[in-house]
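Please study the sequence and the structure before working through the solutions.

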Amino acid sequence: MADRFDVAVVGSGFAGSILARALASAGRRVALVERARHPRFALGESSTPLAAIALERLAHAHDMPDLLDLASYGRWLRRHPELRRGLKRGFTFYPHRAGEPYANGPRNEARLLVAASPDDEVADSHWLRADVDAELVRRAVAVGVDYRDRTELREAEISAAGVRLRGSREGDPLSIASEFVVDATGGADFLARHLELPSRLDRVPFASRLVAAHFEGVRPFAEVAAAAGAELPSGPYPDDLAAVHHLTDLGWLYALRFDHGVTSAGFVVDSARATRLGFDFDAGDPAGTWHRLLERYPSLRGQFAGAGPRGAIAVTPRLQRRLGAAAGPRWALLPHSFAFFDPLFSTGIAWSLLGVERLAALLADGLPDVAGLRAYETLLADEAEHLQALLASAYRRFEDFGAFTSVALVYFAAASFNEVRQRLLPPPEGLPSWAWDGFLGARDPLLQRLARDAATAGPDSSRSIRDAIAPRNVAGLADPARHNLYPVDLDELVRYAGLLGMTAAEMTAALPRLRGRTSRRVVAG
């Protein structure tokens with residue numbers, strides 16, 4: 001195998017594999033290096049409409065029609081049934097109190113559902129990463145990417161002359177020379193360690209750990225709640241066909257249901273709350289920690305009664321990471337190698353794909369110039385700051401569902417506004433594509449302020465949050481008449497067309513461009 005390349009990508013998750021493939025399709029010599037072997041277990045499974053838009057742009061820009069298929073549940077199911085997935089119609093939230101069963105009344109005060117699609121055909125998906133990542137590596141190899149798995153890299157030398165990576169593959173020495181290297185390893189911190197990049201973790205105002213696994217035999221929570229007497233007024237989609245969030249005094253639990261009967265579930269435990277409440281998060285006993293968490297919340301215990309993990313229950317070190325640099329003359333980090341805060345709101349896949357789009361453009365024709373890399377790094381830093389502010393606001397409100405809902409509606413207002421802009425309007429002047437616009441409004445002064453200040457909203461603040469998000473609220477959010485149940489509503493989009501600089505007639509005519517037909521999704525996550 002050749003040992004000299006234009007670009008070396010370290011890490012073969014979906015982002016690394018798509019980037020390597022895009023560059024190889026552009027005629028670049030690309031090495032893709034992986035420590036493990038596919039198929040392998042990975043988290044980061046829940047996609048969103050903004051991720052679907054990025055997949056579609058990548059599909060068209062780099063002749064990767066399979067990515068277009070992955071952007072829509074209906075197309076995925078028809079064209080790639082062998083790749084396992086789950087139907088995601090929206091975002092579901094429930095609050096829990098320690099020692100008490102979940103309760104909800106006819107006004108739906110303890111439940112929030114926000115639709116991300118009007119039907120299953122155009123819905124998002126939960127990605128079974130073992131299947132998806134392996135398939136994307138296979139497709140990268142098919143277009144000429146030099147893939148090397150089971151490879152342990154121990155040295156990375158980066159100089160003005162180029163990059164040299166050294167290590168071993170199944171015990172044999174390995175040396176790879178390239179003009180440029182991209183770190184797609186996420187939390188493995190490959191380049192951070194070798195370049196001694198400065199950490200900015202001290203600026204992150206919250207800390208958490210995750211205990212998680214894939215489980216069989218998990219009951220739908222709506223069934224458990226209804227059996228215990230909770231009222232569940234009819235919503236815009238079945239509650240459990242979503243990214244389901246259970247908010248507690250210790251943090252929150254997610255549940256993602258796959259079509260083949262497996263549920264990915266994980267409890268994100270806030271370290272400060274665990275200490276304050278005397279909860280023993282025993283990293284040496286993941287299964288015991290998981291069961292003690294469930295015992296604290298009777299309805300969650302009922303949902304997982306009789307369920308069993310497929311494989312071991314895993315526990316992570318601190319989830320949060322944030323570095324002080326993202327790019328240099330011969331290297332760059334993809335977003336999740338640069339910063340990660342929390343899986344809340346499912347931002348990971350979309351942000352990673354934006355990084356892929358940007359680096360694919362910068363590296364397509366040769367070494368990127370200094371200005372391009374500086375723009376890439378600055379934008380990632382702005383986005384990290386924006387995401388951190390939003391998630392810090394959410395962390396402060398886990399125990400106050402009314403106030404947490406205000407934070408969530410800021411996220412949904414930002415996501416839906418930016419989705420519709422990207423569907424219907426050209427990129428702002430001076431940007432080569434929407435990929436270079438700030439993720440979730442990271443460079444929008446109003447959305448920046450809302451992300452930072454959302455935690456100050458009180459439990460009776462439906463009017464204040466409605467007024468605050470009004471300039472970006474194209475989806476009719478924060479309407480008390482909805483009782484926390486938000487469907488896709490095209491009438492609302494037409495009504496608020498002026499927020500996008502369009503007339504109602506122009507919006508009505510443009511509706512078929514919302515993912516291909518008039519009834520395409522409008523509210524985004």
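**Exercise 1.** Determine whether R166 is buried or exposed, or in between, and identify its salt-bridge partner.

*Solution.* Step 1: R166 has 29% relative accessibility and counts as partly exposed; buried means under 20% relative accessible area, exposed over 50%, and partly exposed in between (1.4 Å probe, protein chains only). Step 2: R166 forms a salt bridge with E157, with 2.8 Å between the closest N and O atoms; the term requires a side-chain nitrogen of Lys or Arg within 4 Å of a carboxyl oxygen of Asp or Glu. Step 3: E157 is likewise partly exposed, at 42%.

The model is predicted: local features need pLDDT of at least 70 and side-chain atom pairs pLDDT 80 or more, whereas totals for chains, interfaces and linings use all residues. Residues are numbered from 1 along each chain as its sequence is written, and side-chain values use heavy atoms, leaving out hydrogens and water.

**Exercise 2.** Locate D239 and R111 in the chain and describe their contact.

*Solution.* Step 1: the closest N and O atoms of this salt bridge are 2.8 Å apart. Step 2: D239 lies in the loop between α7 (221–227) and β12 (243–247), and R111 in the loop between β4 (90–95) and β5 (112–115), 128 residues apart; helices (H or I, at least four residues) and strands (E, at least two) are DSSP runs, numbered from the N terminus. Step 3: D239 is buried at 8%, and R111 is buried at 1%.

**Exercise 3.** State how R129 and D133 are placed in helix α5.

*Solution.* Step 1: within α5 (residues 129–142) they are 4 residues apart, about one helical turn.
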